Amino acid sequence: MEHSVDKDGNPVNKGLLQSDELYQYILETSVYPREPEPLKELRAATASHPRAEMATAPDAGQLMAMLLKLVDAKKTIEVGVFTGYSLLLTALTIPDDGKIVAIDVNREAYEQIGLPIIKKAGVAHKIDFIESQALLVLDKLLENHENEGSFDFAFIDADKDNYWNYHERLMKLLKVGGLVVYDNTLWGGTVVMPDELTPERKKPSRLATIEFNKFLAADPRVQISHASLGDGITICRRLY
Ligand SMILES: C[S@@+](CC[C@H](N)C(=O)[O-])C[C@H]1O[C@@H](n2cnc3c(N)ncnc32)[C@H](O)[C@@H]1O
């Protein structure tokens, strides 16, 4: 199966669909007509960024908005902001008095590209952006016992090697019934590739992703669904 690649050699269609045409069909039929204007604007503004491929895929975003609504999410965590596509999507979806703890080690792309659009959309008051290593912030949140079992939703899209560590913290921070969604759990399809066929840029984090997927499958604390959407997303619901 051949997929088109962008100027950096990254697949345009991140997913496992049979063809690029099928992916375009989904985007054009079901995703773009429903995508709110501020998200379209942010997607366009992100397209010229040299690392534009890091942004959450709009079809994965559409599923995320559905999940946020299904759990009636009000208090959420976002690990990995970049220009803020998934962050803005969350801010547009949760209620006006909802709150998002948004963490990224670097605020540049967020402040230069995302924030002006987020402000214009009138949802900046829902966002508490923290420039930091995510693990430090999650540990800090746990120092305040009131945060335990208080979050409805988390989206984890950074630092694949630490997913396991994030998961341990989130099993305390999420409510029972709350969701955590992990992005890139198929890691460009490399989870089933022999090491010698894996592109160099994908080698770091490949084994961590394989181990993390096995770990989640065996974790009795969560119900899971490993969806082949975008670059693979795993949806976990805290059971106890
Ligand atoms: C794939 S991008 C996030 C994309 C974003 N969800 C979106 O929709 O555009 C990953 C981001 O995680 C940040 N990051 C990397 N390691 C991190 C860490 N240890 N803690 C917090 N953020 C980190 C990077 O600076 C980058 O902006």
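How many bridges join strand 1 to strand 4, and in which sense do the two run? Four bridges join them, and the two strands run parallel. The points below place this pair in the wider structure.

1. Basis of the note. The model is predicted, so local features need pLDDT of at least 70 and side-chain atom pairs count only at pLDDT 80 or more, whereas totals for chains, interfaces and linings use all residues. Residues are numbered from 1 along each chain as its sequence is written, and side-chain values use heavy atoms, with hydrogens and water left out.

2. Seven strands form an open sheet with mixed pairing, in the order 3-2-1-4-5-7-6. Helices (H or I, at least four residues) and strands (E, at least two) are DSSP runs, numbered from the N terminus; two strands pair if DSSP finds at least two bridges between them. Strand 3 (127–131) and strand 6 (222–227) stand at the edges with a single partner strand each, so one side of each has no neighbour in the sheet. On average, neighbouring strands of this sheet are turned by 15 degrees against each other, direction ignored.

3. Parallel pairs around strand 1. Strand 1 (residues 75–79) also pairs with strand 2 (residues 99–104), in the parallel sense and over five bridges. Within this pair, Glu78 has Ala102 of strand 2 as its bridge partner. On strand 4, the residue opposite Val79 is Ile156.

4. Strand 4 and its cover. Strand 4 and strand 5 pair in the parallel sense over five bridges, and Ile156 stands opposite Tyr182 in strand 5. Strand 4 is mostly covered, six of its six residues being buried; buried means under 20% relative accessible area, exposed over 50%, and partly exposed in between (1.4 Å probe, protein chains only). In a regular strand the side chains alternate between the two faces of the sheet.

5. Leu179 in strand 5. Leu179 lies in strand 5 and is buried, with a relative accessible area of 6%. Beyond its neighbours within four places in sequence, Leu179 is in contact (heavy atoms within 4.5 Å) with residues including Leu67, Val71, Phe153, Ile235 and Cys236.

6. Helix 6 against helix 7. Helix 6 (residues 134–143) and helix 7 (residues 163–173) pack at an angle of about 25 degrees, with their axes 10 Å apart. Axes are lines fitted to C-alpha atoms, for helices over the stretch in contact, and angles run from 0 to 180 degrees between N-to-C directions. Helix 6 is therefore roughly parallel to helix 7; angles under 35 degrees count as roughly parallel, over 145 as roughly antiparallel, 65 to 115 as roughly perpendicular and the rest as oblique. Among the residues making the contact are Leu135, Leu138 and Leu142 of helix 6 and Tyr166, Arg169 and Leu173 of helix 7. The contact residues divide into seven nonpolar, one polar and three charged. Here Ala, Val, Leu, Ile, Met, Phe, Trp, Tyr, Cys and Pro count as nonpolar, Asp, Glu, Lys and Arg as charged, and the others, Gly among them, as polar.

7. Helix 2 against helix 4. Helix 2 (residues 37–47) packs with helix 4 at an angle of about 170 degrees, their axes being 10 Å apart, which makes helix 2 roughly antiparallel to helix 4. Pro38, Leu39, Leu42 and Arg43 in helix 2 meet Tyr85, Leu88, Leu89 and Leu92 in helix 4. This contact has seven nonpolar residues, no polar one and one charged. Eight of the nine residues of helix 4 (residues 85–93) are buried, so helix 4 is largely enclosed by the rest of the structure.

8. Lys160 lies in the loop between strand 4 and helix 7 and is buried, with a relative accessible area of 12%. Leaving aside neighbours within four places in sequence, its contacts include Asp183, Trp187 and Ser205. Trp187 is placed in the loop between strand 5 and helix 8 (206–217), and Ser205 is found in the loop between strand 5 and helix 8. Neither is a glycine, yet Trp187 has a positive phi of about 40 degrees and Ser205 a positive phi of about 85 degrees. Trp187 is buried at 12% relative accessible area, and Ser205 counts as buried at 15%.
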